[in-house]
Amino acid sequence: MSSITGLSSPSFDIQIISDNICPWCFVGKRSLEAAIKQLPEPTKVSISWNPYFLDKAIPAGGWTIKEYLEKHYGSSEGFEKRAEYLREIGAKAGIKFSSSERRVYPTLDSHCLVDFAKQFNKENEVIEDIFSSYF
């Protein structure tokens, strides 16, 4: 509590629902971090990550991104244009997205790892490592 104003420091508890293979979630994470840096001191921010599964039916061997898009949307038409837009937006957030030829894998294990990291207050670091390694 501030002795001058009698008011407590502002604080935010942010709950994020995300899948660890979602490139837009990675962009959102980086954008949120940039916004948090703009907050006045001594604002306190607590972030908690919660699982979301883009697709629980992805086989253990995964799918190519084009296969994933075809299964979900019937076509991968326009994929390269959307991938280029994502790379542009990602670059603005400090992310260099790797090849659009990577595979989409099930994410249950990565969500379990993030949940495990919570007990050590390291979930944000683990999320960053997962995103950075995958993309």
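Helices (H or I, at least four residues) and strands (E, at least two) are DSSP runs, numbered from the N terminus. The model you have open is predicted: local features need pLDDT of at least 70 and side-chain atom pairs pLDDT 80 or more, while totals for chains, interfaces and linings use all residues. Residues are numbered from 1 along each chain as its sequence is written, and side-chain values use heavy atoms, with hydrogens and water left out.

Start by selecting E123, which sits in helix 5. E123 is buried (under 20% relative accessible area, 1.4 Å probe, protein chains only). What is the nearest side chain of opposite charge to E123? Show K118: it is 4.3 Å away, and E123 has no salt bridge (a side-chain nitrogen of Lys or Arg within 4 Å of a carboxyl oxygen of Asp or Glu).

A pocket here is an open set of points on a 1 Å grid over the protein atoms alone, where a 1.4 Å probe fits, with protein on both sides within 12 Å along at least five of seven lines; lining residues have an atom within 4 Å of a point. Strand 2 (44–51) and helix 5 (123–134) each supply at least two lining residues.

Finally, move to the largest pocket, with about 530 Å³ of space. Of its 22 lining residues, select P23, W24, I65, L69 and L86, the closest to its centre. Colour helix 3 too: it gives the most to this lining, with five residues.

Technical notes. Grid points are joined across faces, edges and corners, and a volume is the space filled by probe spheres set on the points. Buried means under 20% relative accessible area, exposed over 50%, partly exposed in between (1.4 Å probe, protein chains only). Lys and Arg count as positive and Asp and Glu as negative; His and the chain ends are not counted.
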